[in-house]
Amino acid sequence: MRKVSVIGTGLVKFGKYPDVSLADIGWPAVRQAMQDAGVEPKDIQALFCGTGLGGPMPGQRIFGRLGMAGLPIINVENACSSGSSALSLGYTAIASGRYDMVMIMGVEKLTKFNGGTIPLEKEDWEVNNGLVMPALYAMRARRYMHEHGLKKEQLANVVVKSRRHAKLNPDAQLRSETTVEEVLASRMIADPFTLFQCCPTGDGAAAVILCAEELASKYCDKPVRVAASHIASGIFDSGARDMTTPEITVRCAQETYEEAGIGPEDIDVAEVHDAFTSAELMYYEAFGFCKPGEAAQLLESGATSLGGRIPVNPSGGLLSKGHPVAVTGAAQVVEVVRQLQGRCGSRQVEGAKVGLTHATGGGISGFDHGVCAIHVFSV
Amino acid sequence: MAFDTPIIPGANPRLSREHIAARGDGIRLIGQQCKACGKTLFPRTGICPDCRSEDLQDVELPDEGVLYSWSVVHVAPKPWVTPYVIGYVDLPSNVRVFSHIGGDSERLKVGMTVKLEAVPPAAPDAKAPPFLFSPVRQG
């Protein structure tokens, strides 16, 4: 297998663009990534385009706009991990020697659903009986609170940290700092989660150009190596399941660390799937940043804030950036790659050499999550 | 061409009563038990995820279980009317049932015993599940 590098990144700030088509949300991210890498359309040999809810053939619609269609385009649906699953396919395509340079992207236009919770598959038993994503995470949170004595104020702390980071990120949607009191006073969504504890949605796009490592320096002064690319699917279990630990992320993290030949102590910066407050805390434990039951203490110690031992979600994460389903995984890569390139301005994690991205997708009965994608990057 | 995969009546119907049997003292949920390995499933699936046997038989599930967790839902798509309470109920024989939860949500507790109850339809096309689990009255 060949080594693979990231040589260019592009991002369309998440927001509400009801009057803009999916194709027009997508192409600016493609163009920005090509400008960043200094490559021409002819250099891109294949496109892997993730969308969860954007409908058929988003890649063709976007590349068609740019006069870049004609190359192999694979569209990827893997729920909230669609963008990161596209990345994994692109990685393998280069590592295997099939291509030298490919683009991966995520694109989404959620404003077409007119707000509310993210639409789920109606054939699913639980969805059909009234499950919504905030409530699923809320049930996990409640059980965790029961078992570990976690307080609602400690959940709210996750939002306070997220917004503190997002204030430094011009690409975040929610950039005002907040307080524990304000978080808890926002309206109830799914008990114990108030509005501020749930990620906003949004429209947006993110694109990443991957290249064989031996060719990367031709295009890019600061190529970033993909040190591991790992996908896991959930395990179906119709019986009792421990919902205080995200089984799929624990398993995928272990396999990813093994693939990269590193451990949690080697990670300098991480972007994890903080769709809801409790999720970020559980992921601290799943990634081994702390012991089970100690996540709130880790957060309170400042270790996961900018300037701490292991800054988590310096971009503000899903809670402040928003969560345009398929884009999230690709946008996390944009953030971590730029962190490792030292391009993140006031939210820069000083001296970051190794970074991690993590996107999960769920909403089907009997699974912790349906999919988990973890990538490790290094310079 | 015959399609010989077992068809589950009204797969995952929110309002289906196919999953419920009336009993003199109340109702029971109908799940499936795998005759090959003994795995119990709810709702019915037609194939055992543990051993892939298709030799499954309908079984009545116990009508009491333990509340694993719950949430009061305040935001949901149509046709749901909020707030409503959902939760996971663990039944004996290792079956976890996703269900609406009755009773006073302020008094729900993780680990409490809950019992299956029929929900009479308010109207012929009422948008409510036909069953829920409610806390067992103490004393």
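Colleague: Which residues of the largest nonpolar core touch the most other members?
Modeller: The general idea is that in soluble globular proteins, nonpolar side chains tend to be buried together. A nonpolar core here is a set of buried Ala, Val, Leu, Ile, Met, Phe, Trp, Tyr and Cys residues joined through C-beta atoms within 7 Å. Buried means 20 or more other C-beta atoms within 10 Å of a residue's own; exposed means 12 or fewer; partly exposed lies in between, and C-beta atoms are placed from the backbone. In this structure the largest nonpolar core has 156 residues, and A:Val102, A:Met105, A:Val208, A:Ile209, A:Leu210 and A:Ala330 touch the most other members. Helix α1 (residues 22-37) of chain A gives the largest share of this core, nine residues. Helices (H or I, at least four residues) and strands (E, at least two) are DSSP runs, numbered from the N terminus.
This is a predicted model: local features need pLDDT of at least 70, side-chain atom pairs count only at pLDDT 80 or more, and totals for chains, interfaces and linings use all residues. Residues are numbered from 1 along each chain as its sequence is written, while chains are lettered from A and ligands numbered from 1 in the order in which they are written.

Colleague: Take A:Ile209. Which residues is A:Ile209 in contact with, leaving aside its neighbours within four places in sequence?
Modeller: Contact means that the C-beta atoms of two residues, placed from the backbone, lie within 7 Å. For A:Ile209 the partners are A:Val6, A:Ile7, A:Gly8, A:Ala33, A:Ala37, A:Val39, A:Met101 and A:Met103.

Colleague: Now the sheet. What is the order of its nine strands?
Modeller: Strands of a sheet pair through backbone hydrogen bonds, either parallel or antiparallel. Here two strands pair if DSSP finds at least two bridges between them. The sheet in chain A is open, with mixed pairing, and its order is β3-β2-β4-β7-β1-β8-β11-β10-β9. β3 (73-76) and β9 (269-271) of chain A are the edges; each has a single partner strand, so one side of each is left without a neighbour in the sheet.

Colleague: How many bridges join β2(A) to β3(A)?
Modeller: Four, and the two strands run parallel; β2 covers residues 47-50 of chain A. A:Cys49 stands opposite A:Asn75 in β3(A). β2(A) also pairs with β4(A), again parallel, over four bridges. There, A:Gly50 has A:Gly106 in β4(A) as its bridge partner. β4(A) and β7(A) are antiparallel, joined by nine bridges. A:Gly106 faces A:Ala206 in β7(A).

Colleague: Which residues lie on the two faces of β4(A)?
Modeller: In a regular strand the side chains alternate between the two faces of the sheet. On one side of β4(A) are A:Met101, A:Met103, A:Met105, A:Val107 and A:Lys109; on the other are A:Val102, A:Ile104, A:Gly106 and A:Glu108. Nine of the nine residues of β4(A) are buried.

Colleague: Where are the domains of chain A?
Modeller: Domain bounds come from an automatic or database domain assignment. Domain 1 is 4-112 + 202-223, and domain 2 is 125-199 + 228-378. Their centres, taken over C-alpha atoms, are 24 Å apart. The contact takes 35 residues from domain 1 and 31 residues from domain 2 of chain A. On the domain 1 side, α3(A) supplies the largest share, seven residues. That side divides into 16 nonpolar, 15 polar and four charged residues. Ala, Val, Leu, Ile, Met, Phe, Trp, Tyr, Cys and Pro count as nonpolar, Asp, Glu, Lys and Arg as charged, and the others, Gly among them, as polar.

Colleague: Which backbone angles deserve a look?
Modeller: Most residues other than glycine have a negative phi, and most peptide bonds are trans. A:Ala79 has a positive phi, near 50 degrees. A:Ala79 lies in the loop between β3 and α3 (82-95) of chain A, and is buried, with 23 other C-beta atoms within 10 Å. Phi of B:Ser93 is also positive, near 70 degrees. B:Ser93 is partly exposed, with 15 C-beta neighbours inside 10 Å.

Colleague: What about cis bonds?
Modeller: The peptide bond from A:Asp191 to A:Pro192 is cis, with omega near 10 degrees. A:Pro192 sits in the loop between β5 and β6 (193-194) of chain A. In chain B, the bond joining B:Thr82 and B:Pro83 is cis, with omega about -5 degrees.
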